[in-house]
Amino acid sequence: FLARQDRWESSARTYPRNLPIAIAEGTGSFVRDVDGNVFIDFLTGAGVLSLGHNHPELVEVVARQSSVLVHGLDFPTPAKDAFVEAQLSMLPPALRDQMKIHFCGPTGANAVEAAIKLAKIVTGRGEIVSFQGGFHGSTHAAMSVTGLVSPKQPVANQVPGVHFFPYSSCARCPLGLDPHSCETNCVTLLERALRDPNGGIPLPAAVILELVQGEGGVVPARREFVRRVRELTRALDVLLIVDEVQTGCGRTGTWFAFEQYDIEPDIVVASKALSGIGLPVALILYHRRLDQWKPGAHIGTFRGNQLAFAAGVEAIRIIRRDDVLANVRARGEQIADRLEPLRNQPWTHDVRGLGLMWGVELADPVTGAPAGALGRAVQAHALRRGLILELGGRHDAVVRMLPPLNVTPDVVDTACDILLDAYDTALR
Ligand code: PMP
């Protein structure tokens, strides 16, 4: 399979490079490859399969919906109606009647495009502020606001008017400061730039932000940082776009991560886990006052996947019924406890996470340089022992855990045993 893929498929494919398996089937937190090997899947379709592979209740709902209506463009349908109602019901009460939904082409990147376009339309401004280390997708504007350099380096003429500022990455402070004595100076740079009419940058349409940088290496933003970004954007009438493509739908222990930061964004971007089972759907939620699209302003053929809508409603029902968000918080604490011994390892630079997004950042104990080769070795040893893990961050030096949100304590324990063991073996 892999040799055939090598011959026919584009060299842009990513996951099978470090994880050379061909997947035959998935069930819950597990996948089986074509040779019959079973793996714990802590990649979960890049954070998509919130209820694991092929959750039986979701499969049933999808099967039922597929005999009724599969594709609905952007016509109203009963499945869409129920999906919208379910989504709005998950918002904090104060926002429930305030927000509207715009369905986007079925990827997170397309929803990021929509958010940026809407911000430009509403404000009449053209600049966007983004953060170093962030990831927002592979389409042109989404790539241009992405702060990770490697995906964009070979592409000339990025979308203009994007300005990058330091993120609150305290484990590797972008200003080289001691995080213990720091007053979140990183955000001060942004404040100065936006408030200075001469030496700064033009007033932007929006600031786009991940509350936990995912691809950037599982970096939760500091609360103070987020609070000041919100205050500043509000004071200057700049829109705040929160990209919850990865952090959303319960991943961090609340439906959206912004709830834990006590802020109200102007625009929220969501995609990956909206259907719970890996059917494509993407959307932005935004304040009613921003609904200034003209008809046809951001369209696309695949904005009416009825299977995704039906699954998404059922996923929310299950998440409520089984109190899956409590499981996210409890399993997150379990992972934190189990990874504690890694903190004393000389090659561990940092262990951090929120909910069920966890990362172990590796660095050379002498030079402090990110240890990507060690990350890849840990990933390879874990795979051999039956655990699929993803890497992230600059130089792949962060080993990431993204389990399904309904993962059981036993599976978490086994996965952590494997990770600790793989780390040990990789260092030998
Ligand atoms: N934003 C964030 C925060 C993401 O993590 C991703 C995907 N990893 C995207 C946007 C892009 O989503 P998609 O791959 O569906 O275009």
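**Helix packing, an open sheet and the ligand shell**

Helix 10 (residues 223–236) has 14 residues, which at 1.5 Å a residue should span 20 Å; its end C-alpha atoms are 20 Å apart, in agreement. The expected span is 1.5 Å times one less than the number of residues. Helices (H or I, at least four residues) and strands (E, at least two) are DSSP runs, numbered from the N terminus. The model is predicted: local features need pLDDT of at least 70, side-chain atom pairs count only at pLDDT 80 or more, and totals for chains, interfaces and linings use all residues. Residues are numbered from 1 along each chain as its sequence is written.

Phe225, Val226, Val229, Arg230 and Thr233 are buried in helix 10. These residues cover an arc of only 130 degrees around the axis, which puts them on the same side of helix 10. A residue counts as buried if 20 or more other C-beta atoms lie within 10 Å of its own, as exposed if 12 or fewer do, and as partly exposed in between; C-beta atoms are placed from the backbone. The arc is that of the directions from the helix axis to the C-beta atoms. An α-helix has 3.6 residues a turn, so residues three or four places apart point the same way.

The buried residues of helix 10 pack against helix 9 (185–195), strand 7 (206–209) and strand 10 (239–243). Contact requires C-beta atoms, placed from the backbone, within 7 Å. Asp237 follows helix 10 and has a positive phi, near 60 degrees.

In helix 9, Cys186, Val187, Leu190 and Leu194 are buried. Seen down the axis, they fall within an arc of 90 degrees, so they line one face of helix 9. The face turned away from this buried side carries the exposed residues Arg192 and Arg195. The buried residues of helix 9 pack against strand 5 (128–131), strand 6 (162–165) and helix 10.

Four strands form an open sheet in the order 1-2-3-15, with mixed pairing. Strand 1 (23–27) and strand 15 (387–388) stand at the edges with a single partner strand each, so one side of each lacks a neighbour in the sheet. Pairing requires at least two DSSP bridges between strands. Strands 1 and 2 (residues 30–33) run antiparallel and are joined by four bridges. Ile23 stands opposite Asp33 in strand 2.

The ligand is surrounded by 15 residues, of which Thr107, Gly108, Ala109, Gly137 and Val245 are the closest. Helix 7 (residues 108–123) gives the largest share of the shell, three residues. By class, the shell has five nonpolar, seven polar and three charged residues. Ala, Val, Leu, Ile, Met, Phe, Trp, Tyr, Cys and Pro count as nonpolar, Asp, Glu, Lys and Arg as charged, and the others, Gly among them, as polar.

Note on methods. Near = placed C-beta within 6 Å. Contact = placed C-beta atoms within 7 Å.
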